Amino acid sequence: EKGYETAEHAPGLKLGGCGVYKAAHHIIKTHAKVWHSYNNTWRSEQQGMVGISLTSGWGEPVDPHSQADRDTAERYIQFHLGWFANPIYRGDYPEIMKNYVGQKSAQQGLGTSRLPTFSVQEKTYIKGTSDFLGIGHFTTRYVLQKSFPLLQASSYHTDRDLAELVDPKWPAPGPNWLYSVPWGFRRLLNFIKTQYGNPLIYVTENGVSEKEQCTQLCDEWRIEYLKGYINEMLKALNDGVNVKGYTAWSLLDKFEWNKGFSERFGFYHVDFKNKNKPRYPKASADYYKKIISANGFPNPREVMS
């Protein structure tokens, strides 16, 4: 979407409502080919696993009692996570995605949908090509129905007919898109469990960056974010979600897409201005070390010898 729709990332193309779906279509087919290649050639010898890592926010209906809001929140997730996960776990794009993009393409006078279709053979070939699901998750949105006039140029964003909202009370310690909403994580993990047959999950990315550099390396907000999100993941484990591992994002401050070095997610502060790039642990590094050594939250009553 950022590479083929908004041109924020490489290859920097603005192919309104078309390129983004074509690129995703190729990614999904390529992923399946790699999985089959490993499955046929190496699995018997190595006993390894091949999966895919998908990043997704959680969409919560503004009014959980409103069917329209619930449908819109479902659409948010299906256009986000389901776009890639549904073909891999269920054999095709989500129905809601096919319907919305198809209808809008027809209204624009196009003979076929801007969302490509898989052949019967491709659906069979793609379904089941993941031994685990990697999940990157950072934040949540409230979601509201919003219709876009046909006069506007087609795009992935207008195809969804929704608006994303945030609660001003949510902590926003990092960039303007990343609000700390731990309960959304548990809901996302449970959604995956019910939608995709409770697959094996590795959390591949979860963390928060900082708006301004904290000279004392006192990133209490990162500690609070991790505490909240890891706690909700533990609740999801109690719900029966098959989470096998968790990786915080990230070990070091580093190059973050089009934000460069300005967005710092690391446990370790990196002095990029120094040619030796020295690294200094933030307060969160010490906190996360304790979580790792306890493989969970440390017992506050335990005395360290």
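Helices (H or I, at least four residues) and strands (E, at least two) are taken as DSSP runs and numbered from the N terminus. The model is predicted, so local features need pLDDT of at least 70 and side-chain atom pairs count only at pLDDT 80 or more, while totals for chains, interfaces and linings use all residues. Residues are numbered from 1 along each chain as its sequence is written, and side-chain values use heavy atoms, with hydrogens and water left out.

An open sheet is formed by 4 strands in the order β1-β3-β6-β7, with parallel pairing; two strands pair if DSSP finds at least two bridges between them. β1 (52-55) and β7 (243-246) are the edge strands, each pairing on one side only. Within the sheet, β3 (residues 133-136) and β6 (residues 201-205) are joined by 4 bridges, and Leu133 is placed opposite Ile201 in β6.

Pockets were identified on a 1 Å grid over the protein atoms alone, as open sets of points where a 1.4 Å probe fits, with protein on both sides within 12 Å along at least five of seven lines; lining residues have an atom within 4 Å of a point. The largest pocket is lined by 39 residues, of which Glu1, Lys2, His9, Thr55 and His80 are closest to its centre. Two or more lining residues come from each of α1 (19-41), β1, α3 and α6 (156-159), and α3 contributes the most, with 5 residues.

The second largest pocket has 14 lining residues, and Met233, Tyr246, Ile291, Asn295 and Gly296 lie nearest its centre. At least two residues of this lining are supplied by each of α8 (220-238), β7 and α9 (283-294).
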